[in-house]
Amino acid sequence: MTKVAITGLGMTTPLGGDVPSTWEAALDGRSGVRTLDNDWVEKYGLEVSFAGQVAVRPEEVLTRPEMKRMDPSAQMAIIATREAWANAGSPEVDPDRLGAAVSSGIGGVWTLLNAWDTLKEKGAARVLPLTVPMLMPNSPAAYVELEIGARAGAHAPVSACASGAEAIATGYRMILEGRADVVVAGGTEAATHPVTLASFGAMQALSRRNDDPAGASRPYDVTRDGFVMGEGSGIIVLESEEFAKARGARIYAYLAGVGLTSDAYHIAAPEPNGRGQARAMRLALESGGLSPQNVAHINAHATSTVVGDMIEARAIRSLLGAHADRTLLSATKSMMGHLLGGAGAVESILVIKAIQDRKAPPTINVTQPDPELEVDLVCDIPRAMPQGDVVGINNSFGFGGHNCALAFTNA
Amino acid sequence: MALSEKEVLAGLAEIVAEETGVDAAEVVGDKSFTDDLDIDSLSMMTIVTLAEEKFDVRIPDEEVKNLVTVGDAVAYITGAQS
């Protein structure tokens, strides 16, 4: 059976403008969450005044025309794509055998609302012609497709905060189905907009720890009070093992299996017993011919919400049983906030790096773990992972009851 | 006060450079937007929309196809002022 190799990594996050800087900051347990300096926080009376914004602004990296032709969500995806593609050695591949799968959870919210402001203030004649190509949810996928010249298909499977992981699952299937030899896949989000913050705030989904932004994202801590908005993008290069080996590519890890389920329970709340989440993890392992006993590390979805964190912890316990005591669980949203559609891809890269370096990154801000937590949570400093063959899982769940688990194995 | 052709050209070159990445020095009288500057129709419409705002003129959609060269656009905008 074809194996799917990972040969290139790229990202831009609140912790750093690329993979090396983000990974270093993550191992150091730094926070990328800060007080917002935008005047709209006070102007519109936002109850939450902080977020995890990208450490390197896109305008520092892209040209002015690139900035003007892309929504910030696509800008970040392109920055991550360029890093990942170069990191993979800019593979020479028949364009008909090259695919793209990139999605975002929210899409071009800045473009849409800027156009709406223009319409109201200046009239229809001033609305720019590129508004639709910039706001459409497939825009990041399309710009990545154009960037690398991918003609095997470009997809944008949208599933809220599972989007980035589901895009990687889509890329995996494109290779297994024989549609492509190489797929550039991942997720992106740039929705730190007052409307998004106000809307998540209205759901009471966001932490309101305005006096301590860096301490606000605290998955599994007893005082957690909601997630922290983040932004950024993660992109990986997937290849069939045969293609990667034939061109002598460096293989970081393998994407051994994917599991996708849906809860059919509630538009925003996860099913309380975490059955769909556990089943997604089980399917990811089964599709890769792996057993729960092989799992050495999990990067949890864990967003720091009161309800969500423990549902996932219970799902992990139900899947792994006593082996959960020996599985290193990391909740990296504690450091960068929740990147929504970007989260699944960025956190997948952290799993891949963890497997490569045999270091599980820390969860910060946990001063008192939830007493019901029955998993081995990596706190404050990285922990060594076992040598030999290991499995690392990335979990991503999205509003709508979308559950996506990705199982990675060492090279 | 109406701008001179030279001033319109400078302002137009700024928009074209900003939107497309074409060097502003390349945006001169006899250059064709499509053939010489490689500007596609969507970008051309963006330039027209921004130029209408910058120079406070109206460029009807049916007029845009006649603006083949930079000089055509400069002449039209200069004449359309007030």
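A polar contact is a pair of N or O atoms within 3.5 Å; within protein, one atom must be able to donate a hydrogen and the other to accept it. By that rule, 20 residue pairs are in polar contact across the interface of domain 1 of chain A and domain 2 of chain A, both residues at pLDDT 80 or more. The model is predicted. This briefing covers how the two domains meet.

**Layout**
- Chain A is split into domain 1, residues 4-246, and domain 2, residues 258-410.
- Domain 1 of chain A supplies 64 residues to the contact. Domain 2 of chain A supplies 61 residues.
- Between the C-alpha centres of the two domains of chain A the distance is 20 Å.

**Buried area**
- Together, domain 1 and domain 2 of chain A bury about 4,600 Å².
- Carbon and sulfur atoms account for 71% of that area.

**Salt bridges**
- Two salt bridges are counted between domain 1 of chain A and domain 2 of chain A.
- Arg224(A) and Asp370(A) form a salt bridge. Their closest N and O atoms are 3.0 Å apart.

**The domain 1 side**
- Several elements of chain A each give at least two residues to the side of domain 1 that touches domain 2.
- The strands are β1 (4-12), β4 (98-104), β6 (182-189) and β7 (232-240) of chain A.
- The helices are α1 (19-28) and α8 (163-176) of chain A.
- α8(A) gives the largest share of this side, eight residues.
- By residue type, this side of domain 1 of chain A has 32 nonpolar, 23 polar and nine charged residues.

Definitions and conventions: Residues numbered from 1 in each chain as written. Chains lettered and ligands numbered in written order. Predicted model: local features only at pLDDT ≥ 70, side-chain atom pairs only at ≥ 80, totals over all residues. Heavy atoms only, no water. Domains from an automatic or database assignment. Contact = heavy atoms within 4.5 Å. Buried area = accessible area lost by both parts, 1.4 Å probe. Salt bridge = Lys/Arg side-chain N within 4 Å of Asp/Glu carboxyl O. Polar contact = N/O pair within 3.5 Å; in protein donor to acceptor, adjacent residues only side chain to side chain. Helix = DSSP H or I, 4+ residues; strand = E, 2+ residues; numbered from the N terminus. Nonpolar A, V, L, I, M, F, W, Y, C, P; charged D, E, K, R; others polar.
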